[in-house]
Amino acid sequence: MTLQQEIVGNAMQMAVVSLQPGQTVYCEAGKFLFKTTNVTMETRLSGPSANGGGQQAQGGPGGGMGGLLRQAMGTAVQVGQRMLAGESLAFQYFTCQGGAGTVGFAGVLPGEMRALELDGRRAWFAEKDAFVAAESTVDFGIAFAGGRTGMSGGEGFILEKFTGHGTVIIAGAGNFIDLNPADFGGRIEVDTGCVVAFEEGIEYGVQRIGGLNRQGIMNAVFGGEGLSLATLEGNGRVILQSLTIESLANALKKAQGGDKQGPTGGLFSTHAG
């Protein structure tokens with residue numbers, strides 16, 4: 001059953017989802033806005049089941065204490081992954097009962113939202129905190145971009161991963177632009193904080209800006225990009241955002257008279273805690 005949804009608004013968009021009887025959608029805790037009375041809400045630590053039913057496994061194969069233990073261990077692993085990624089510990093599940101219902105979701109920053117359709121062939125990867133809501137047929141997981149890449153890039157060491165079939169809704173800051181690296185010679189380089197999401201098949205990496213020479217130091221200290229740029233290679237869809245969390249935090253600090261970074265930015269920029 002296709003998820004019927006509409007993304008509304010401008011500067012701070014929201015997703016209004018229409019549910020049919022028995023249909024379930026889940027979101028990260030804190031992204032829920034409103035619902036009709038015939039939509040039930042349940043908060044759970046476990047992610048959606050593999051069969052897409054949005055229900056917890058009933059003891060697993062074999063049942064009994066062994067099945068309960070496997071279920072508990074699986075839930076603990078999921079929670080541990082989300083803690084490592086800095087995500088909320090729980091999901092909220094919304095199921096419609098007795099006629100059509102409506103539920104609304106939103107992100108946490110001023111910006112756009114996007115509905116991605118998964119066909120079971122290609123996964124999607126997204127930055128931390130991009131996930132808003134998804135059908136119960138979409139599985140939420142955590143992916144690692146690789147130790148060397150993540151440690152040098154700062155953004156994207158831990159990514160959200162979406163697999164399965166159905167609709168997943170993501171959010172970012174500012175405005176979105178869709179690009180395909182194949183249209184630009186197969187590779188694009190972007191600010192590490194501008195990557196929102198990309199399809200499986202796109203190779204994500206991080207490269208240092210210049211060398212340890214005069215121009216490289218000038219780029220790092222005065223360029224506003226720090227020491228690294230994200231690289232995206234391959235043939236597939238990439239979504240970038242026009243506003244980074246760091247730039248928004250620095251703008252708010254400056255407006256409050258608390259800007260500590262001075263005129264240099266870049267390497268000496270102040271990160272929000």
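Predicted model: local features only at pLDDT ≥ 70, side-chain atom pairs only at ≥ 80, totals over all residues.
Residues are numbered from 1 along each chain as its sequence is written, and side-chain values use heavy atoms, with hydrogens and water left out.

Strands here are DSSP runs (E, at least two residues), numbered from the N terminus, and two of them pair if DSSP finds at least two bridges between them. In general, the strands of a sheet pair through backbone hydrogen bonds, either parallel or antiparallel. β1 and β2, the latter made of residues 14-19, pair in the antiparallel sense over five bridges. Both belong to an open sheet of four strands, in the order β1-β2-β7-β4, with antiparallel pairing. Its edge strands are β1 (4-8) and β4 (32-35), each of which pairs on one side only. From one strand to the next, the twist in this sheet averages 20 degrees, where axes are lines fitted to C-alpha atoms and angles run from 0 to 180 degrees between N-to-C directions.

Another open sheet is formed by three strands in the order β14-β17-β16, again with antiparallel pairing. β14 (187-190) and β16 (203-208) stand at the edges with a single partner strand each, so one side of each has no neighbour in the sheet. The twist of this sheet averages 30 degrees from one strand to the next. β16 pairs with β17 (residues 228-233) in the antiparallel sense over six bridges, and within that pairing Gly205 has Thr231 in β17 as its bridge partner.

Strand β13 (residues 176-179) contains Ile177. At 45% relative accessibility, Ile177 counts as partly exposed, a class that lies between buried (under 20% relative accessible area) and exposed (over 50%), with a 1.4 Å probe and protein chains only. Leaving aside residues up to four places away in sequence, Ile177 touches Val238, Ile239 and Leu240, contact being heavy atoms within 4.5 Å. The C-alpha atoms of Ile177 and Leu240 are separated by 5.4 Å, although the two residues are 63 residues apart along the chain.

The cysteines remain to be considered. Cys27 is buried, with a relative accessible area of 0%, and Cys96 is buried as well, at 1%. The structure holds zero disulfides, a disulfide being a pair of cysteine sulfur atoms within 2.5 Å.
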